[in-house]
Amino acid sequence: MTPATLAATVDSLETPCLLLDETRMTRNIQRLATLMAKHGVRLRPHLKTPKSIEVARRVMSGPHGPAAVSTLQEAEQFAAAGVTDLLYAVGVSPGKLPRVLALRQRGVDLTVVVDSLDAARAVAAQAQTSGGGIPALIEIDCDGHRAGVQPGNAEQLLAIARVLHAADSLRGVMTHAGESYGCRSVDAIADMAEQERAAAVGCAQTIRAAGLPCPVVSVGSTPTAHFARNLDGVTEVRAGVYVFFDLVMAGLGVCSMDDIAASVLTTVIGHQPDKGWILVDAGWMAMSRDRGTAKQAVDQLYGVVCDVKGNVYPDLLLAETNQEQGIIKLRAGSTARLPDVPLGTKLRILPNHACATCAQHEAYEVVRPGEPGVVAHWERFRGW
């Protein structure tokens, strides 16, 4: 970080760029850590949202992990920074197993995920070739959201488990309640959390009843992690976007807008008064095309607009986006008035989906409420 960056104020930053409110982030991290401590369950934070060594150091319980990742690029980057307890939480393809093995041979305890006999056989074959097991979790489909073995399909579950066990690769089960993102109430999220828990724990019991080991029972999504009533039988919980939160999470009632730590800083570049437009230099390249709130009770279009200090303007949204230009308007039917924001004014935009918006940027400009200066510049990485 250069002295010029250290001395920068938010108002002097080139836009669009990604801001990270360190105070909000720290509060979000502490909130879930406290909840998991009350449940007596280990938290395995998912690092797919930040993709940043600096953020990882603040969210993990120790310098070596545990943590989850969604790409092998993430696994390699975090391993290079000393993180050695990693779960690659996406179904592994045979062609990626040499990279997995290379990380394990460097001393990284990298676990993979499978949900079919073919995938289990590929892991077993690679493990046998290398002379050492590659630990794997069997993915369970708890809600029809994505991949996974059906909880009631004991035959398939045990067939996969036996193949992995024979290769010294069976570590346990995992599931992800992705359908929790479509819940309409906190009670519905809590019900989904129980559905998630029951599916994973039930499959673990089936495996153990067959005389096979199942030490790990891993569940998690940001909504269910925050509203689970009971985590009996679960050994670890995974969550990721909670570190920053976003408008989708606010729409679900998991957080408030005051908890959203990541935002895009943009500059007013023009006005169309007859149309009620404010033009800014943040388009879909800066925000992403994610419209995750479109199916929620309140559609936030492409993002909620705040002043440069992060105070939300009533009913003011990033309503339309071009590649490098955004159009800010009042929400349809609003009685609010457009704010007076002259050419060159800096604004912040809260994202629908923090993972997608952060992925558009190379670094975080770290800020704290009440401090005009940029307190840190944290690089992030991309790729697979």
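D21 is buried, at a relative accessible area of 6%, where buried stands for under 20% relative accessible area, exposed for over 50%, and partly exposed for what lies in between, computed with a 1.4 Å probe on protein chains only. Before I go on, please keep in mind that this is a predicted model, in which local features need pLDDT of at least 70 and side-chain atom pairs count only at pLDDT 80 or more, while totals for chains, interfaces and linings use all residues. Residues are numbered from 1 along each chain as its sequence is written, and side-chain values use heavy atoms, with hydrogens and water left out.

Let me stay with D21 for a moment. Its partner is R24, with which D21 forms a salt bridge whose closest N and O atoms are 3.6 Å apart; the term salt bridge is used here for a side-chain nitrogen of Lys or Arg within 4 Å of a carboxyl oxygen of Asp or Glu. R24 is buried as well, with a relative accessible area of 16%. As background, side chains of opposite charge can pair when their charged atoms come close.

The side chains of E22 and R58 meet in a salt bridge at 4.0 Å, N to O. Because E22 lies in helix α2 (residues 22-39) and R58 in helix α3 (residues 53-59), this pair ties together parts that are 36 residues apart in sequence; helices here are DSSP runs of H or I with at least four residues, strands are runs of E with at least two, and both are numbered from the N terminus. E22 counts as buried at 13% relative accessibility, whereas R58 is partly exposed, at 36%. Both residues also belong to a network of salt bridges that links E22, E54, R57, R58, R368 and E371.

Nine residues of domain 1 are in contact with nine residues of domain 2, contact being taken as heavy atoms within 4.5 Å. The area buried between the two domains is about 670 Å², with carbon and sulfur atoms giving 58% of it; buried area is the accessible area, with a 1.4 Å probe, that two parts lose on being put together, summed over both. On the domain 1 side, T49, E54 and R184 lose the most area to domain 2, together 50% of what that side buries.

How many salt bridges are counted between domain 1 and domain 2? The count is zero, although two residue pairs are in polar contact between these domains, both at pLDDT 80 or more. A polar contact is a pair of N or O atoms within 3.5 Å, where within protein one must be able to donate a hydrogen and the other to accept it, and where residues adjacent in sequence count only if both atoms are side-chain atoms.

From the record, the unreviewed UniProt entry carries the annotation "domain: D-serine dehydratase-like" over residues 261-368; such positions are given in the numbering used here, feature names are shortened, and annotations may be inferred rather than shown by experiment. Over residues 261-368 the chain is 8% helix and 41% strand, and the end C-alpha atoms are 10 Å apart.

Finally, I would like to look at T175 and H176. T175 is placed in strand β7 and counts as buried at 0% relative accessibility, while H176 is found in the loop between β7 (170-175) and α8 (186-209) and counts as buried at 17%. The side chain of T175 reaches the backbone oxygen of I140 at 2.6 Å, and that of H176 reaches the backbone oxygen of G220 at 2.8 Å. Leaving aside neighbours within four places in sequence, the contacts of T175 include C142, E196, G220 and R238, and under that exclusion the contacts of H176 include C142, R146, E196, G220 and R238.

E139 is buried, with a relative accessible area of 4%, whereas R146 is partly exposed, at 39%.
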